[in-house]
Amino acid sequence: MNLRGEPAHVGRHCGGRRYDVTPEVVAFYADALDDHHPLYERFAPPLLHHSECFRYVGEWYLKNLFGNLHAQQDWECFAPIAVGSAIATRSTIVDRYRKRGRDYIVNETDFTDAADGRLLVRSRTHQSFLPPKPEGAGDGGYVVDEQTAKRKQTDARPPFPTATGEDLPSFSHAIDQRRCWMFSGPGANYHNDEAQARKRGFPRIVVQGMMSTCFVSQVMLAAFGEGWLRGGRMSVKLTNVVWCDETVVVRGRVRESAAEAARERVHCDVWVDKPDGARALIGTASALRA
């Protein structure tokens, strides 16, 4: 495969920025996600800058954007982000691999305290790309349409969830175009504009995968409070497309717990259900309990 001109290699530094964590920025996130937790008076949502890695797509995306998909997302929370503080970010390519005919790039973005350099949050984003098209080939057809997405739920998959513990608080979210614009704006793209979605090979607006991970963070914060902000982990796979104007339900269930120093780490299964019963996200998350 000819990869000349593709800059995405492991170790490539993609960029970084500095942000002030203001009450207004936190309030915008809370409104966009319908996530209003009392802790947000002191601490920012750990996924406040959920899409930071996508600010540097020119540094780590492959050239063929037709049909690219967000495949997997990992988050680690090491310490709360204080409202009124400033954070610095650093984005790096940490892995590249091929699987089932697609090329995957893994971008790691660190969020640190701008004053003392402490690591606060870490994100790892697995983005998948179709192989380069032959010269002269057009972008005809859809990569994933609604019927294909529905068929994915009948594919043979291991049972999930298998956790048998207590259920965590669940949340239902109606995702309309306003929410898509707030979450994935301000520029037009296939996550908020139907014309752009069709250019990328999709019949409708594709809800950004990061939104589902933010919903999982909401579930974990509701269940564990500061134990999520000070030690939370999430590793999830995006298994089905969520379309604009769908309503999803976000759930979690305790699998097991284990001692971690003087505290307890609680391991959970987490998932997002679509209206037709398909699972849009499945994975695991854990948090600390005193």
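Predicted model: local features only at pLDDT ≥ 70, side-chain atom pairs only at ≥ 80, totals over all residues.
The structure holds eight aromatic pairs. A pair of aromatic rings is described by the distance of the centres and the angle of the planes. Two of the pairs are followed here.

Start with Y61 and F129. Their ring centres lie 5.1 Å apart, with 80° between the planes. The pair is edge-to-face, because an angle over 60 degrees falls in that class. Now place the two residues in the fold. Y61 sits in the loop between α2 (57–60) and β4 (69–77). F129 belongs to strand β8, residues 119–129.

Buried or exposed? Y61 has 13% relative accessibility and counts as buried, because the cut-off for buried is under 20%. F129 is buried as well, with a relative accessible area of 0%.

F160 is in the loop between α3 (146–152) and β9 (171–175). W271 is in strand β12, residues 263–273. Here the pair ties together parts that are 111 residues apart in sequence.

The surroundings of these two residues can be read from their accessibility. F160, at 24%, counts as partly exposed, because that value is not under the 20% cut-off for buried and not over the 50% for exposed. W271 is buried, at 3% relative accessible area.

Technical notes
Residues numbered from 1 in each chain as written. Heavy atoms only, no water. Phe/Tyr/Trp six-rings, centres within 6.5 Å; stacked < 30°, edge-to-face > 60°. Helix = DSSP H or I, 4+ residues; strand = E, 2+ residues; numbered from the N terminus. Buried < 20%, exposed > 50% of the residue type's maximum accessible area, 1.4 Å probe, protein only.
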